[in-house]
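Visitor: I would like to learn how to read a structure like this one. Please take me through it step by step.

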Amino acid sequence: MNSHPFTRSSSEVRDLNRMAAAFGGVPVSRRETMRRCLYGSAGLLLMEPFTVRAMQPLPAGRARSVIQIWLWGGPCHIDTFDPKPEAGKDYSGQLDAPIATNVSGMQIGQLLPELAKIADKYSLIRSMTHGNNGHETAAYLVQTGRSSERDVFPSLGAVTSYFRGYEAGYKGLIPPYIVLTEPQGRFSEAGFLGPKYKPFATGGDPAASVFAVEGIIAPGISEKRQQERRKFLRSINTLGGALPGNATLNTIVQNEEQAYEMILGDAGKLFDLNQEAGDVRDRYGRNTFGQSCLMARRLAEKGVPYITINYKGWDTHKQHFQTMNRKLPELDKGMAALISDLSERGLLDSTIVWCSGEFGRTPKVQTESPWNGGRHHWGKCFASLLAGGGFKGGQVVGSSDAKGEEVKDRPVYPADLIGSIYGQLGIPAEATLPHPLGTLTHVVPDKSENVPTGGMLKEIL
Amino acid sequence: MAPAAFAALDPLYESGPAKYRMGADATASDRIDQLVFDRLRELKIEPANVCSDAVFLRRAYLTVIGTLPTEEEARAFLSATDPDRRARLIDELLKRDEFAEYWTMKWGDLLRVKAEFPIKLWPNAAQAYTRWIYAGVRGNKPLHQFVHELLVANGSNFREGEVNFYRAMQDRSPRGIAATVALTFMGERADKWPKKKLDALAGFFAQVAFKSTAEWKEEIVYFDPTADKEGLAKNAVFPDGTRPTADPRTEDMRVPFVNWLLRPENPWFCRNMANRMWAWLMGRGIIHEPDDSRADNPPSNPALLDLLQREFATSRCNMKHLFRIILNSQTFQLSSIPTGLETTTTQANFAWYPLRRMEAEVLIDALNQLTGTQESYSSPIPEPYTFIPENVRGIGLPDGSITSSFLELFGRPPRDTGFESERNRSTSAAQRLHLLNSSHVHQKVSECPLVTEARDMKGKPDELVKKIYFTVLSRPPTEKELAAVTAHADASYAGTREIAEDLVWALVNQPEFIFIH
């Protein structure tokens, strides 16, 4: 039968299939079913133009936005935030001269000089661990805090959007959960919360002359033509003329006005990076990552609760040091500019910046062919950076052993890091998630789930 | 809104007042109309006029086969003059391949055909299930036979598609199965039942057992009296309070249940199915929601539901028969132009045809058809991703796990629960943004032959405009619309191609395109 020809043999199945459920995640409770509407029925049906959200004032020091810098592929902890020069060349390779920071006793990788100047504004966790070396599984672990066999949990961005999005009074057209610029793809983000809580992916390139945000800025269609088209669109709305006062058509007229507010109004201008001064743009670096950081700052300034910068290219089995030499200066400049700029604008106290990948990389350099100096996946021990939102700066949490292979003390599991971020956002650990089967499920896994924990990050609160 | 405002007939959308025959030569469709219009008269509601041929054509295509008429089909139908042209079109549509595809999709929603999470059928099984449904719809298998086969199914999930009924639910316990059966085939929500009633129904499904095989993800559904750990089967009672005579120690209790359910006089099955089909075609059930039947949610027109139930039962549960009599009624063919203020009473009594946004799959297929483009769909299950051939249409996707961001944005149901309301047909600003300004839609429009070939149409702009109107809206443009296009062309920058592009874009963004009306 030619309509349904896609039977696959089960021999194509791999062990990761269990995780594949992560991509089809959808909510099932009836309440959720009724409410489901992409990007939030409540928010979008409001006739208000884009406004900064009217949320209840949070207690001081509590965060209102999170900027997640996600280094997809797994950045090397040794070459970035946990250098091990004394382990020798076999481990540190050519990057064997870490640099001092403005915090005494705290060293970081030599390709991060800008970050070294502001170490008092962030803390490093050098004892991140989950032990998983698969990209999908590890990305899921780090961003959900759970290693699920049966269910597909939402990422921390989706959970934040659930508790801090439209249902919590967030208003306006800018979606509450945004990814710059592409979704992670092999990770569902929303899990069982469903498509409504997926991030809005901007598409486009913020470093291009026009940042073509999907749906908002159409390259090649001038503002004048947009306006003429809009007028034309209305002039031939014959059915609308035959059904005056129809409630369904009124709704679509409202939808259209909101859409045009995004296309032609202030909401769209938020994405126009040309509104920033040239020296500000230079400061962040005139590349996709740097300009994404600048865009993230603009979104955080407007109160968008969760922004992910999906920065790809860290899966360096080969060409590792060449890649580090190319990417780390970008990372250094963009992230340092972001943290400093947020701080100068008084936004760092209310904005959490966290930077991590799904795991670290083999501490020992893989010199043999075909790797020729590459590094593989390393989930046993890696490092993350955390700044702002009430987290202390200038601290180092935990440590790895002399070669960066194992956690030496104070393991920090993904659930500990995520739970600490929720705490700063004012989302209580015991808040419940709408589990599809009605199982009582807390935001932070409780003892019954047997999720490993080293405790919340009290030392930097 | 004062009724006077609607007094003049709008020939673009309306053809004249409704007429039906009474007495001996009245057809089933006439009797439907009589019951609907009698009820409206009691309520002092003036029904709408009958819709125009152009409106009927589009409504019939989109409702019956989930497919936009082509330019040629639209031109041919609108130039036909024989008095039976609407009935003839209905007969043709009921025979189309797309009919089977589209209604397989609908059944796929109700029967939760989805490879993974939380349904966990696995792709091979989801596709076997779809193939079984497709064969049934295509052959117009009587619905009682279709349901009988589903409910007594045994065997491998990969080989016997229908056994997946027992796997395609989140809760496969006897009570979970009973609740699913009640929802799907009785139109009742067991969460509103007393526990005792659910336990009694669960007794019929307590012997359904599952076992795995040496093949990865294969599962056998089978009858096993020892599976009934709670001893539910011996206490099985039919929902009408009568008891089965079967011996649960040796007999599969599903069989007496199915025999009870599918008796023609059983009100639950035929009535529920007839009401659902009415809702599918009319946009609203006589009992609303169509899967929430209960004593305190009565039908808005009991005599009408009785008639449909009788017609369905006496036709041996023939889905196409019921479709045919509904589609041929004046009630189905009423215009969407109201005669007064819209209220829940006018809606519940079908005074005019409701505006219904095209379903996600139907909308993307329509956009692809009129722009001559295709879509890529993928399924992340199993890893590595399955990519679907690009000529597959949205309505033909065999598994709810196969998707695209467009389908999600436009409310394709996740197929988790089997509720009719899982399919979201509301509109949102995000949808408008997508249709108005996404690279996805801009690209389709700019690549479409209507636009790319427009360069050669210089000198005959009206022909081009007509062609575009027939392709997108299935009708010719009005004088006023032609004038508006000319005005836009005169006022703007552009050449023929840009005007064609603007027009295609503006028409796919019209409510008249987006809504079935």
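**Reading the two chains**

Guide: Start with one pair of residues: A:Ile125 has A:Val397 of strand 12 of chain A as its bridge partner. Strand 4 (residues 122–128) and strand 12 of chain A run parallel and are joined by two bridges. Helix 15 (residues 414–425) of chain A packs on the sheet and touches strand 1, strand 4, strand 8 and strand 11 (382–387) of chain A. The direction of helix 15 makes about 170 degrees with that of strand 8 of chain A.

Visitor: How should I read those names and numbers?

Guide: This is a predicted model, where local features need pLDDT of at least 70, side-chain atom pairs count only at pLDDT 80 or more, and totals for chains, interfaces and linings use all residues. Residues are numbered from 1 along each chain as its sequence is written, while chains are lettered from A and ligands numbered from 1 in the order in which they are written. Helices (H or I, at least four residues) and strands (E, at least two) are DSSP runs, numbered from the N terminus. Strands pair if DSSP finds at least two bridges between them. Contact means C-beta atoms, placed from the backbone, within 7 Å. Axes are lines fitted to C-alpha atoms, for helices over the stretch in contact, and angles run from 0 to 180 degrees between N-to-C directions.

Visitor: In what order do the strands of the open sheet in chain A stand?

Guide: Strands of a sheet pair through backbone hydrogen bonds, either parallel or antiparallel. Here eight strands of chain A form an open sheet in the order 6-5-7-1-8-11-4-12, with mixed pairing. The edge strands are strand 6 (200–201) and strand 12 (396–397) of chain A, each pairing on one side only.

Visitor: Is strand 1 of chain A enclosed or open?

Guide: A residue is buried if 20 or more other C-beta atoms lie within 10 Å of its own, exposed if 12 or fewer, and partly exposed in between; C-beta atoms are placed from the backbone. Seven of the seven residues of strand 1 (residues 65–71) of chain A are buried, so the strand is largely enclosed by the rest of the structure. A:Ser65, A:Ile67, A:Ile69 and A:Leu71 point one way, and A:Val66, A:Gln68 and A:Trp70 the other way.

Visitor: What are the bridge partners of A:Trp70?

Guide: A:Ser356 is its partner in strand 8 of chain A, and A:Asn310 is its partner in strand 7 of chain A. Strand 1 pairs in the parallel sense over six bridges with strand 8 (residues 351–356) of chain A. Strand 1 also pairs in the parallel sense over six bridges with strand 7 (residues 306–311) of chain A.

Visitor: Where does pLDDT stay under 50 in chain A?

Guide: pLDDT is the predictor's confidence in each residue, from 0 to 100. Where pLDDT is low, the predicted coordinates should not be read in detail. In chain A, pLDDT stays under 50 over residues 1–61. The mean for chain A is 85, and 86% of its residues reach 70 or more.

Visitor: What is the secondary structure of chain B?

Guide: Chain B has 23 helices and nine strands. Its radius of gyration (taken over C-alpha atoms) is 25 Å, close to the 24 Å that the globule rule (2.2 Å times the number of residues to the power 0.38) gives for 517 residues, so chain B is as compact as a globular protein of that length. Of those 517 residues, 55% count as buried.

Visitor: Is B:Phe204 buried or exposed?

Guide: B:Phe204 counts as buried, with 30 C-beta neighbours inside 10 Å. It is found in the loop between helix 9 (195–202) and strand 4 of chain B. Not counting residues up to four places away in sequence, B:Phe204 touches B:Ala236, B:Met253, B:Arg254 and B:Phe257.

Key:
Contact = placed C-beta atoms within 7 Å.
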